[in-house]
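Student: I would like to learn how to read the features of a structure that is new to me. Could you take me through one, step by step?

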Amino acid sequence: MRFLVHVDDLIRRWNSQPLAKQFLIIGGSVAAAAMLVVGAFVTSLIEEAVTRNSAATTALYVDSVIAPLLPDMQTTQVLDDSVARALDETLGQGALGDRLASFRLWRADGTVLYSSEKAMVGRKYELGPELTAAFDGGMVARFMPLDEADGETERLSKSPLLEIYNPLLQPWSGEVVAVSEFHEIADEFEQSLNRARLHTWIAVAGFTLAFFVALSAIVLRGSRTIEKQRHALGQRVDELSALLAQNEALRARLRQASQRATALNETLLRRIGADLHDGPAQLVAYASLRLDSNKLVSPSTPAELREREIAAIKGSLDEAMNEIRTLCNGLVLPQIETASLREILERCVRAHEQRTGTAVDLSMSGPPERLSASAKICVYRFVQEALNNAFRHGGGIAQRVTQNTNGDKITVEVADGGPGFDLSEVRPTSLGLAGLKGRVESLGGTFEINPNAPGTIVRMSLGLEEMEQA
């Protein structure tokens, strides 16, 4: 079980590596193994070809020298002394003597007809695979390094040897009548063979390296492209995830704001109904009762008393009309669609001063020139309600409105110098504060209130981009 967990961990680590690294490791291993296999195969072919060509040249030369000295080998069973002496003289001196370390002449039954080692002459041996192949008509050549010499004469030469088994053919029939075995001193051949090996390995390694580098360049370029696309895709996914989280948060805030707005609208309607019932409706009812009294319709009512009744009725109706206008002025917005933020704040402050007879200090810093209609309404209602609360609960003392712009965010603050209040005592269904909070948060803004004495501070912040999205 632990082994399987370890294997799974290795697989996960391997899969987490970049594609380029995976290719360099696997491709490099495969390329190295392929280079070794191909290099060994090509080297063996080249060694075999070089050995055979060199052996064929030497065999042809030896045959051209010793063939005239040999009798008819098909009828001769033993070489006489004259032939042996001629071979000794030919093979022991001159260029051929310098090249050959040993020479043997074999009969088909395994008898040694002639040898540079006199002790072997006349002896019969079992035919080895090389002799058997030579008697079958094929020339056999084998390179023996210095440490592989198998005979006393070969070991005394202290040189690498080229062992050659060459069939001797009858000229008119082409039959193999004997096999000559000789060992050529192969110092120069070994050097040539080593150079051929070196050049072969250099060529195979160079081709393999060039092929691997070309493939690596293609894979690396593709890997970089994939990594860039993966990185860009990851960033895009992160951005979409962040946007999704923001949308979920905004959706939740919007749902809460909608619920609060519904509840506040119901409360507002009840308050308007209460204000109409307790104010204008009572005054109109009072005027109606006075109209129904006998003082106006009785002929015995003095004219002076009738005039006072009419004046009281008119005063009650005028008061009811003033209260209705006051309610309407609080419900209906002025024309602010085309006004800037500066004009909106100035207009709201001026209306409050005229209505209450109190002073308001207005301070603005870098107000933006353009705002959405919903943002303008939000700012106007915020300042209007906050100033009404400052006048109603704070006595209109030290009223001030401050506007600041920081980057893409605007902040509007309304403060007074009243006694403050305990925020825990405010009911959640309170129209003023709850309405302001819901209105601001519905546009993605923030609402803050600090009711600690002396004075109360109400602050709202809106981001320009958030307002545009809202």
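Tutor: We will go from the record's annotation to the sheet, and then to the packing of helices. Please keep in mind that this is a predicted model.

Student: Where does UniProt place the feature "transmembrane region"?

Tutor: The unreviewed UniProt entry places this feature at residues 23-46 and at residues 198-220.

Student: What is the order of the strands in the open sheet?

Tutor: A sheet is read strand by strand, from one side to the other. Here the five strands follow the order S2-S1-S5-S4-S3, and their pairing is antiparallel. The edges are formed by S2 and by strand S3 (140-144), each of which pairs on one side only. Neighbouring strands of this sheet are turned against each other by 15° on average, when direction is ignored.

Student: How many bridges join strand S1 to strand S2, and which residue in S2 is the bridge partner of Trp-106?

Tutor: Strand S1 (residues 100-106) and strand S2 (residues 112-115) run antiparallel and are joined by three bridges. Trp-106 has Val-112 as its partner in S2, while Arg-104 has Ser-115. The hairpin has five residues between these strands, and in it Gly-110 takes a positive phi near 95°.

Student: Which helices lie across these strands?

Tutor: Helix H2 (residues 19-66) lies across S1, S3, strand S4 (161-169) and strand S5 (176-185), and runs at about 55° to S4. Helix H3 (residues 81-92) lies across S1 and S2, running at about 40° to S2.

Student: How are two packed helices described?

Tutor: Two packed helices are described by the angle between their axes and by the distance between those axes. In this model, helix H11 (residues 341-356) packs against helix H12 (residues 373-394) at an angle of about 25°, with the axes 10 Å apart. Angles under 35 degrees count as roughly parallel, so H11 is roughly parallel to H12. The crossing of H11 past H12 is right-handed.

Student: Which residues meet in this contact of H11 with H12?

Tutor: Among them are Leu-341, Ile-344 and His-352 in H11, which belong to the contact with H12, and Val-379, Tyr-380 and Phe-391 on the H12 side. The residues of this contact divide into ten nonpolar, four polar and two charged.

How values were computed
Residues numbered from 1 in each chain as written. Predicted model: local features only at pLDDT ≥ 70, side-chain atom pairs only at ≥ 80, totals over all residues. Heavy atoms only, no water. UniProt positions renumbered as here; feature names shortened; annotations may be inferred. Axes fitted to C-alpha atoms, helices over the stretch in contact; angles between N-to-C directions. Helix = DSSP H or I, 4+ residues; strand = E, 2+ residues; numbered from the N terminus. Parallel < 35°, antiparallel > 145°, perpendicular 65-115°, else oblique. Left-handed = near helix turned anticlockwise from the far one by under 90°. Contact = heavy atoms within 4.5 Å. Nonpolar A, V, L, I, M, F, W, Y, C, P; charged D, E, K, R; others polar. Pairing = 2+ DSSP bridges.
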